Amino acid sequence: MARILPEPTPETQHFWDGAARGELLLQRNKATGEAYFPPRPFCPKTGSRDVEVFKASGKAVLWSYVINHRPRPDMGTEPYAIAVVKLEEGPTMMTNIVNCPQTPEALVLDMPLEVVFEKFSDTISLPFFQPAKS
């Protein structure tokens, strides 16, 4: 079974276009400078529509995770980490941790991470995170 992929909307299209180019795009409130995720046409704290899209650093730390030992049919057969990472810019993001063992010994809270993208179709590349290279 092929992996179930997100469907871009007008509000999220910029995010998926950036991911396809290997860029993690966030939005921020122009007045406060506060970044937010997921994408939406207004700041979730103030309701202001005076927002802008910017390229994030791609750096994060592991904030929380669970190791799923019973994957959905579209996710393969091996256990994998479902994680919440805290981006350097402030927002949190749900993702998967890749390119490391999927064990509690390897997945240390607050470990530095960096974004990597995996292309699943002509229009969708998903952002995952891997341990940061020193």
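Which residues does the UniProt annotation "domain: ChsH2 C-terminal OB-fold" cover? These legends start there and then move to other close-ups. This is a predicted model, in which local features need pLDDT of at least 70, side-chain atom pairs count only at pLDDT 80 or more, and totals for chains, interfaces and linings use all residues. Residues are numbered from 1 along each chain as its sequence is written, and side-chain values use heavy atoms, with hydrogens and water left out.

View 1. According to the unreviewed UniProt entry, the domain covers residues 56-118. UniProt positions follow the numbering used here, feature names are shortened, and annotations may be inferred rather than shown by experiment. The span is 0% helix and 49% strand, and its end C-alpha atoms lie 17 Å apart. Helices (H or I, at least four residues) and strands (E, at least two) are DSSP runs, numbered from the N terminus.

**View 2. A sheet of 3 strands.** Here you can follow an open sheet in the order β2-β1-β3, with antiparallel pairing. Its edge strands, β2 and β3, each pair on one side only. Strands count as paired if DSSP finds at least two bridges between them. Strand β1 (residues 25-29) is joined to β3 by 5 bridges; look for N29, whose bridge partner in β3 is V51.

**View 3. A cis peptide bond.** F37 and P38 are joined by a cis peptide bond with omega of about 5°. P38 sits in the loop between β2 (35-36) and β3 (51-55). Most residues other than glycine have a negative phi, and most peptide bonds are trans.

**View 4. Positive phi in one loop.** The loop between β6 (92-97) and β7 (112-119) holds N99, and D110 is also found in the loop between β6 and β7. N99 is not a glycine, yet has a positive phi of about 60°; for D110, also a residue other than glycine, phi is near 70°. N99 counts as exposed because its relative accessibility is 61%, and D110 does so at 54%. Exposed means over 50% relative accessible area, buried under 20%, and partly exposed in between (1.4 Å probe, protein chains only).

**View 5. The largest nonpolar core.** This core has 27 residues, and those with the most contacts inside it are L62, V85, I97, L113 and F129. A nonpolar core is a set of buried Ala, Val, Leu, Ile, Met, Phe, Trp, Tyr and Cys residues joined through side-chain atoms within 4.5 Å. The largest share, 4 residues, comes from β5. Not counting residues up to four places away in sequence, I97 touches L62, A81, A83, V85, Q102, L107, L113 and F129, where contact means heavy atoms within 4.5 Å.
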